[in-house]
Amino acid sequence: MEEKLRQRSSNCIKVVLFGPECTGKTTLSRQLAAYYNTECVPEYMREYLQRKWDETKEVCVYDDMLQIAEGQMKLENEIAQNVNTLLFCDTNLLELKVYSEAYYDGVVPKILNKISLENVYDLYLLTYIDIPWIADDLRDKPHEREEMFLRFKECLDKHNLPYIVIKGDKISRFKKALTHISQLIEDRSEYNR
């Protein structure tokens with residue numbers, strides 16, 4: 001299992017969209033991937049849980065965490081092999097860790113806890129809760145948005161990970177992300193000279 005949760009080596013810059021439900025991660029990751037003419041790793045958890053809901057009307061349980069983590073890393077590793085410069089990830093294992101802590105009284109599968117902190121990303125775009133919450137089959141914390149945002153922020157701070165907070169309308173979010181990503185690309189280019 002451990003090997004299935006590890007990142008394969010890759011030369012691309014990896015940017016993660018990170019934060020609570022319904023904060024614009026998917027929209028922004030797709031916009032950025034289109035702008036940079038690259039790929040975006042979709043959120044496997046949403047696909048997995050929607051399929052589970054459609055088939056059984058059951059919600060996520062603790063035992064789903066490792067299956068979701070495995071599916072997420074499989075997608076990321078496959079897509080990363082086809083990208084040379086830049087990859088956007090519409091979530092990662094660290095996000096699963098935060099959700100597991102929030103939903104299962106601080107309990108995270110041991111291997112997920114370990115590997116989520118070992119996989120490396122160049123930048124986290126922490127999406128703020130200043131866009132409208134939209135209900136669907138899977139979203140369930142409309143009144144806990146601030147609390148969930150703080151959980152995500154505290155995780156990044158605790159582990160000293162590189163991040164910026166993305167807030168505002170779609171244009172403001174996109175422009176702020178572009179500024180920081182362009183700097184990452186420039187820094188990488190200078191380092192490789």
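Modeller: Start at Val15, which stands opposite Phe88 in strand S3. This is a predicted model: local features need pLDDT of at least 70, side-chain atom pairs count only at pLDDT 80 or more, and totals for chains, interfaces and linings use all residues. Residues are numbered from 1 along each chain as its sequence is written, and side-chain values use heavy atoms, with hydrogens and water left out.

First, the labels. Helices (H or I, at least four residues) and strands (E, at least two) are DSSP runs, numbered from the N terminus. Two strands pair if DSSP finds at least two bridges between them.

Now look at S3, residues 86-89. Strand S1 (residues 13-18) runs parallel to S3, and 4 bridges join them. Strand S2 (residues 39-41) is also parallel to S3, joined by 3 bridges. There, Val41 stands opposite Cys89.

Is S3 covered on one face or on both? Both faces are covered. Leu86 and Phe88 are buried on one side, Leu87 and Cys89 on the other. Buried means under 20% relative accessible area, exposed means over 50%, and partly exposed lies in between (1.4 Å probe, protein chains only).

Next, the loops around these strands. Cys22 sits in the loop between S1 and helix H2 (25-35). Its phi is near 60°, a positive value in a residue other than glycine. Most residues other than glycine have a negative phi. Cys22 is buried, with a relative accessible area of 10%. Asn37 lies in the loop between H2 and S2. Asn37 is not a glycine either, yet its phi is positive, about 50°. Asn37 counts as exposed because its relative accessible area is 74%.

What about disulfides? A disulfide is a pair of cysteine sulfur atoms within 2.5 Å. The structure holds 0 of them. Cys22 is in none; the nearest cysteine sulfur, that of Cys40, is 17 Å away. Cys60 is partly exposed, at 22% relative accessible area.

Cys60 leads us to Lys52. Contact means heavy atoms within 4.5 Å. Not counting residues up to four places away in sequence, Lys52 touches Lys57, Glu58, Val59, Cys60, Val61 and Asp64. Lys52 is found in helix H3 (residues 44-56). Lys52 counts as buried because its relative accessibility is 14%. The side chains of Lys52 and Asp64 make a polar contact at 2.6 Å. A polar contact is a pair of N or O atoms within 3.5 Å; within protein, one must be able to donate a hydrogen and the other to accept it, and residues adjacent in sequence count only if both atoms are side-chain atoms.

Now a helix with a buried side. In helix H6 (residues 110-118), Ile111, Leu112, Ile115 and Ser116 are buried. They cover an arc of only 120° around the axis, so they lie on the same side of H6. The arc is that of the directions from the helix axis to the C-beta atoms. An α-helix has 3.6 residues a turn, so residues three or four places apart point the same way. The buried residues of H6 pack against helix H1 (2-5), helix H4 (65-80) and helix H5 (93-103).

Finish with another strand pair. Strand S4 (residues 123-127) and strand S5 (residues 163-166) run parallel, joined by 4 bridges. Thr127 stands opposite Ile166 in S5.
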